[in-house]
Amino acid sequence: MSHSELTLTDATFDEEIKGASAPVLVDFWAEWCGPCKMVAPILDEIASDNEGKITIGKINIDENLELARRFDVMSIPTMILFKDGEPQVRIVGAKPKGALLQELHPYL
């Protein structure tokens, strides 16, 4: 885990997201989710390629059900980009790096 990756919980989410200086791409995932495991290394690459411009936040939905409900996460992986504490973009499903970057580009 790089320093541009946060592990978020129901308890820490609001403080971390509102206090973030860069946009935070929050990855809602679970240990049993195959597509989540496929996306994880891509998100790590995006974080290291764009250090200082974006932070990756990880929320294990099995351990943080409240956040999954709050943001209507119905399937995983779901990634929501937060800027200035507000959701900007929702990406559902595993996508290749190029497709993710295309959706995130306006915020990087």
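One term before clicking: buried means under 20% relative accessible area, exposed over 50% and partly exposed in between, with a 1.4 Å probe and protein chains only. This is a predicted model, where local features need pLDDT of at least 70, side-chain atom pairs count only at pLDDT 80 or more, and totals for chains, interfaces and linings use all residues. Numbering runs from 1 along each chain as its sequence is written, and side-chain values use heavy atoms, leaving out hydrogens and water.

Start by selecting Lys-58, in strand S3 (residues 55–60); strands here are DSSP E runs of at least two residues, helices H or I runs of at least four, numbered from the N terminus. Is Lys-58 buried or exposed? Its relative accessible area is 12%, so Lys-58 counts as buried. Show what Lys-58 touches (heavy atoms within 4.5 Å): beyond four places in sequence, the list includes Glu-5, Asp-27 and Trp-29.

Next, pick Phe-13, Val-26, Phe-28, Phe-71 and Ile-76, the residues with the most contacts inside the largest nonpolar core, which has 18 residues. Such a core is a set of buried Ala, Val, Leu, Ile, Met, Phe, Trp, Tyr and Cys residues joined through side-chain atoms within 4.5 Å. Strand S2 gives the largest share, three residues.

Last stop: S4 and strand S5 (residues 86–92), antiparallel and joined by six bridges; strands pair if DSSP finds at least two bridges between them. Click Met-79 and you'll find Ile-91 of S5 opposite. In the hairpin, with two residues between the strands, Asp-84 takes a positive phi near 55°.
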